[in-house]
Amino acid sequence: MEHNFVDKMAYGIEELGISLSDKQYEQFYQYYELLIEWNQVMNLTTITEIEDVINKHFIDSLSLIKVAEGFNNKKISLIDVGTGAGFPGIPLKIAFPGISVVLLDSLNKRLRFLDEVILRLALDNIQTIHGRAEDYGRNKDYRESFDICVSRAVANIATLAEYCIPFVKTGGIFVAYKSGKIENEMKQGENAISILGGETEKIEKFVLPGTEAERNLVVIRKRKKTDKKYPRKAGIPGKEPIGIKI
């Protein structure tokens, strides 16, 4: 393991109140190595410096702990929509091995990378699924089946809400990872969130440790079942977000 990796990780997780075993530190380091190795042949991330990966990918992913409880003492089911290179789903699984995780992405080559990570890190109770959120959100095996849905995908909150809220059980939460100023975006998305059965519970604003990056965790509580007509067909939520004129 590279010198100082543990120290740099420890600084970030201490602020979040998380502690890791030697095995978990090793898993995070293996994940970093695989990310850099595979990134040479496919576009997984533009962030490759070890300190930046720790802060902007690993610690950022784990910041969910600021707004969601119970990771250590009960089994939580979580789906990561548009997971990309596995953020935030894989860091959460490494840090909290008791949770069950589904990683959803529309690009098969990314899932090949994630399957390799899962195999090499010997993670269990985690699966990858290939497809669009709009299709899986209508699938009875996944619809309204999760305690938590997370997404760091780049899309406006109205579109993300249609992708993600259908996956969440009534009473569960959808948490969107957002950067920068989001007040106008939230105002535009309120109607969509409500129509889909959600309610914005809180927005946790913070600066990512070791950086000057502004982050927001938007917590949307599922108050009632999502109407069967949502999500709409693949492609429509992105082109025609609910309640927003484009």
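Buried means under 20% relative accessible area, exposed means over 50%, and partly exposed lies in between, with a 1.4 Å probe and protein chains only. By that rule, buried residues make up 55% of the 246 residues in the chain.

This is a predicted model, in which local features need pLDDT of at least 70 and side-chain atom pairs count only at pLDDT 80 or more, while totals for chains, interfaces and linings use all residues. Residues are numbered from 1 along each chain as its sequence is written, and side-chain values use heavy atoms, with hydrogens and water left out.

**Overall fold**

The chain has 9 helices and 7 strands. Helices (H or I, at least four residues) and strands (E, at least two) are DSSP runs, numbered from the N terminus. Along the principal axes, the C-alpha atoms fill a box of roughly 50 × 35 × 35 Å.

Contact means heavy atoms within 4.5 Å. Among contacts between residues at least 6 apart in sequence, 69% join residues at least 24 apart.

The accessible surface comes to about 11600 Å², and 46% of it belongs to carbon and sulfur atoms. These areas come from the Shrake-Rupley method with a 1.4 Å probe; for residues, only the protein chains shown count as cover. The chain carries 34 positive and 34 negative charges, whose mean positions are 9 Å apart. Lys and Arg count as positive, Asp and Glu as negative; His and the chain ends are not counted. Each charge is placed at NZ of Lys, CZ of Arg, CG of Asp or CD of Glu.

**Helix 3**

Helix 3 spans residues 50-62 and is mostly covered, with 10 of its 13 residues buried. Among them are Ile-50, Val-53, Ile-54, Phe-58, Ile-59 and Leu-62. The buried set also includes Asn-55, His-57, Asp-60 and Ser-61. What covers these residues? The cover includes helix 1 (5-16), helix 2 (22-39), helix 4 (89-95), strand 5 (168-179) and strand 7.

**Buried polar residues**

Asn-216 sits in strand 7 (residues 214-222). Its relative accessibility is 3%, so Asn-216 counts as buried. The side chain of Asn-216 makes a polar contact with the side chain of Lys-205 at 3.3 Å. A polar contact is a pair of N or O atoms within 3.5 Å; within protein, one must be able to donate a hydrogen and the other to accept it, and residues adjacent in sequence count only if both atoms are side-chain atoms. Leaving aside neighbours within four places in sequence, the contacts of Asn-216 include Ala-176, Tyr-177, Ile-182, Ile-203 and Glu-204. From Asn-216 to Thr-200 is 16 residues in sequence and 13 Å in space, C-alpha to C-alpha.

Glu-134 belongs to helix 6 (residues 133-136). Is Glu-134 buried or exposed? Glu-134 is buried, at a relative accessible area of 2%. Its side chain reaches the backbone nitrogen of Gly-235 at 2.9 Å. Beyond neighbours within four places in sequence, Glu-134 is in contact with residues including Tyr-163, Pro-231, Arg-232 and Pro-237.

Ser-77 lies in strand 1 (residues 77-81). Ser-77 is buried too, with a relative accessible area of 11%. Outside the four places on either side in sequence, its contacts include Ser-100, Phe-146, Asp-147 and Lys-169.

**Backbone exceptions**

Most residues other than glycine have a negative phi, and most peptide bonds are trans. Four places in this model stand out from that pattern:

| Site | Backbone angle |
|---|---|
| Phe-87 to Pro-88, cis | omega near 5° |
| Tyr-230 to Pro-231, cis | omega about 0° |
| Asn-125, positive | phi near 55° |
| Glu-144, positive | phi near 50° |

Pro-88 falls in the loop between strand 1 and helix 4. Pro-231 is in the loop between strand 7 and helix 9 (236-239). Pro-231 is also one of the contacts of Glu-134.

Asn-125 occupies the loop between helix 5 (108-120) and strand 3 (126-130). Its relative accessibility is 40%, so Asn-125 counts as partly exposed. Glu-144 is in the loop between helix 6 and strand 4 (146-151). With a relative accessible area of 17%, Glu-144 is buried.
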